[in-house]
Amino acid sequence: MKEQMKINPTELKEVKTELMRFFMGYRFALDQMKTKIDTLKSEFKHIHDYNPIEHVTSRIKSPESIMRKVHKKNCPFTIEGIRENIRDIAGLRITCSFETDIYVLRDMLQKHRDIKIIEEKDYIKNPKGNGYRSLHLIIAVPVFMSDREEEVLVEVQIRTIAMDFWATLEHKIYYKYNKDIPNHIKLELTEAATVAHQLDKKMEALHTEMNVIKANNQAENELEVLELDGEQFHLPTNFLDQLNRVNWI
Ligand code: 0O2
């Protein structure tokens, strides 16, 4: 049977308006962060020939999930209590190809003067006992409303594709299986996190090696190109060889 509501309709309307303002603040803060990431992505695409950002997802925590966290943390169930204690109501998840990209991205965000990284939890340098790895940042984003300015917190999780694969699967297992997870599954999940970490290391080593090869090839190719007033001329190898012989031998 549906639970009887104790609040009267006028009060209910006021509470709903207040809640709407509350959630809108988070939505605007998330939009600003997404724009920042999109700009970085676009800059990387057009200026550098490498893009560290694979994909970006965002979410606003549901009222049910906020309520669960309030009870878990035993904090005041008021708008202010929630704002101060639940710091991941707005969440942005960025997936990168390699571990070093994560820190490159963190450093770039740190340079934006309009936002402040107020907390950093580095579960990459200090993985959780179950093997969970990710970089968590709590970022204060200024939001301008018609009648006020607010600092709204956004949790940014930055991880590699392998870390994300593991975390998504682990979350699904815990979410679907509402009871205690058998010990051998927990152990195997932790082992899988180690394998994911090894894969990250291997792929990054390959990527670094390929960059050296690419840089060498590029240097050789550049020798064969002559640029004059923005126009490029190709210099055949035997042209360079013969010129060498005539002038310097
Ligand atoms: P959901 O559904 O992702 O929102 P705090 O938020 O600081 O008060 P907490 O939970 O210790 O308290 O913060 P922490 O360590 O920064 O973790 C918050 C979020 O990180 C979680 O949000 C998960 O998204 C993710 N996370 C942390 N540990 C694990 C883990 O072991 N496995 C997986 N798969 N994800 C993890 P929520 O609210 O738990 O869930």
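These legends walk you through several views of one predicted model.

Residues are numbered from 1 along each chain as its sequence is written. Because this is a predicted model, local features need pLDDT of at least 70 and side-chain atom pairs count only at pLDDT 80 or more, while totals for chains, interfaces and linings use all residues.

View 1. Let's start with the overall layout. Along the sequence they follow the pattern α-β-α-α-β-α-β-β-β-α-α-β-β-α. The radius of gyration is 26 Å, well over the 18 Å that the globule rule gives for 249 residues, so the chain is more spread out than a compact globule. That radius is taken over C-alpha atoms, and the rule is 2.2 Å times the number of residues to the power 0.38. The C-alpha atoms fill a box of roughly 100 × 55 × 30 Å, taken along the principal axes.

**View 2. The surroundings of the ligand.** Around the ligand you will find K61, R87, D88, K121, K128, N130, Y132, H136, A167, E170 and H171. Which classes make up this shell? It has two nonpolar, three polar and six charged residues. Here Ala, Val, Leu, Ile, Met, Phe, Trp, Tyr, Cys and Pro count as nonpolar, Asp, Glu, Lys and Arg as charged, and the others, Gly among them, as polar.

**View 3. Helix α5, residues 161–176.** This helix gives the most to the ligand shell, with three residues. Buried in α5 are A162, M163, D164, W166 and A167. Buried means that 20 or more other C-beta atoms, placed from the backbone, lie within 10 Å of the residue's own.

**View 4. The largest nonpolar core, around M33.** A nonpolar core is a set of buried Ala, Val, Leu, Ile, Met, Phe, Trp, Tyr and Cys residues joined through C-beta atoms within 7 Å. Of the 23 residues in the largest one, A29, M33, V154 and V156 touch the most other members. Strand β5 gives the most to this core, with five residues. Leaving aside neighbours within four places in sequence, M33 is in contact (C-beta atoms, placed from the backbone, within 7 Å) with L92, I139, V141, V154 and V156.

Note on methods. Near = placed C-beta within 6 Å. Helix = DSSP H or I, 4+ residues; strand = E, 2+ residues; numbered from the N terminus. Buried ≥ 20, exposed ≤ 12 C-beta atoms within 10 Å, placed from the backbone. Contact = placed C-beta atoms within 7 Å.
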